[in-house]
Structure formats: C-alpha cells, structure tokens
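Please walk me through this protein structure. I would like to know how its parts pack together.

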Amino acid sequence: MFENPSLITRIAIGKAVGFLFGLIGFICLPYFLPETDWLLRWGILLWYTTLGAIIGVFGVFTYHPILKLPFPWWFRAPLLGAWMNFVLTFFAFDAMQTMMFSVFGENGILTSPFWFTAEGAIIGLIMGYLATRFGGEGKATVRK
C-alpha cells in the first residue's frame, strides 16, 4: 500500500492524523474551557481533519511557479498549518482567548490566542512528514 506514491494515500494519512489531533482537542477542550459548547468541540475536530486533507492535497505542489523556488514538504506543511490556525483564531478569537486565559492566567506569557498559529505549524509539520513519508509527493502521486 505504501510502496507507490499516491495522492489518495496522502489525503487519507493527512485526514487520519488530523482526526487524531482533532479528537485530542475534542476530548481535552472541556478540561481547559469547562463552559465550552458542543459546536466549538465539533468545530475543532472537523477543522484538524480538514487541515490534514488540505496538507495531503498540497503535497502535489513541490515547486512554486511564480517564485521559481522549490516548495519542500517541511516548508509547505507548516506554512499551511500556521495559516489555517491563524484563520481559525480569527473565527473563534473570543473562545480561544478565554481558553488561553483559563490555562495560563490573565498575566501569563502565552495568553495571546495567536499562539495557535505556532501550534498549527507544528501539527502541520507532523501531518506533512507522515503524508510525505507514506504517500509520496510531487507529480508521481497523480500518475497512473
């Protein structure tokens, strides 16, 4: 199964890893933010699953056509993860800020919800590594 590069394998691995991280968030979120609602919990689960699929799909692009530079997995995946979590922070800023306050206190060093951007880069790096390791990358993933 893992011997030939495959876009479907990349997407499946990305989604599986994303689902695992989302499930961790789904389960642990009530401990960090007890008054959280089900909508946010389901949103986190589905967000990371979708992020894994996006990182899987973008494994086809190994070269940036405008900048004419290589686009390796270790740059591409953390960039996508950071960007997507940056967008997530905009959508759920109040909930994320409340959670950071409850975990680190109001005067803590990590109280900014934009730390989720760094978390997204780390999770994206893990997803990108596993998707590339087991699913390959580049044009070879879409050839017959």
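This is a predicted model. Start with R76, which lies in helix 3. Is R76 buried or exposed? Its relative accessible area is 2%. The cut-off for buried is under 20%, so R76 counts as buried. Now look at what surrounds this arginine. Leaving aside neighbours within four places in sequence, R76 is in contact with R10, F58, G59, F61, T62, F71, T132 and E137.

An α-helix has 3.6 residues a turn, so residues three or four places apart point the same way.

Follow helix 1 along its length. S6 caps its N-terminal end, with a side-chain oxygen 3.3 Å from the backbone nitrogen of I8. Helix 1 covers residues 7–32, and its 26 residues should span 38 Å at 1.5 Å a residue. The end C-alpha atoms are 36 Å apart, which agrees. Helix 1 does bend, by about 30° at F26. A proline, P30, follows within four residues.

Turn next to the largest nonpolar core. It has 22 residues, and I44 and M96 touch the most other members. Helix 1, helix 2, helix 3, helix 4 and helix 5 each give two or more residues to this core. Helix 2 provides the largest share, six residues. Leaving aside neighbours within four places in sequence, M96 is in contact with I44, L88, P113 and F116.

Key:
Residues are numbered from 1 along each chain as its sequence is written. This is a predicted model: local features need pLDDT of at least 70, side-chain atom pairs count only at pLDDT 80 or more; totals for chains, interfaces and linings use all residues. Side-chain values use heavy atoms; hydrogens and water are left out. The expected span of a helix is 1.5 Å times one less than its number of residues. The bend at a residue is the angle between axes fitted to the seven residues ending there and the seven starting there. A polar contact is a pair of N or O atoms within 3.5 Å; within protein, one must be able to donate a hydrogen and the other to accept it, and residues adjacent in sequence count only if both atoms are side-chain atoms. A nonpolar core is a set of buried Ala, Val, Leu, Ile, Met, Phe, Trp, Tyr and Cys residues joined through side-chain atoms within 4.5 Å. Buried means under 20% relative accessible area, exposed over 50%, partly exposed in between (1.4 Å probe, protein chains only). Contact means heavy atoms within 4.5 Å.
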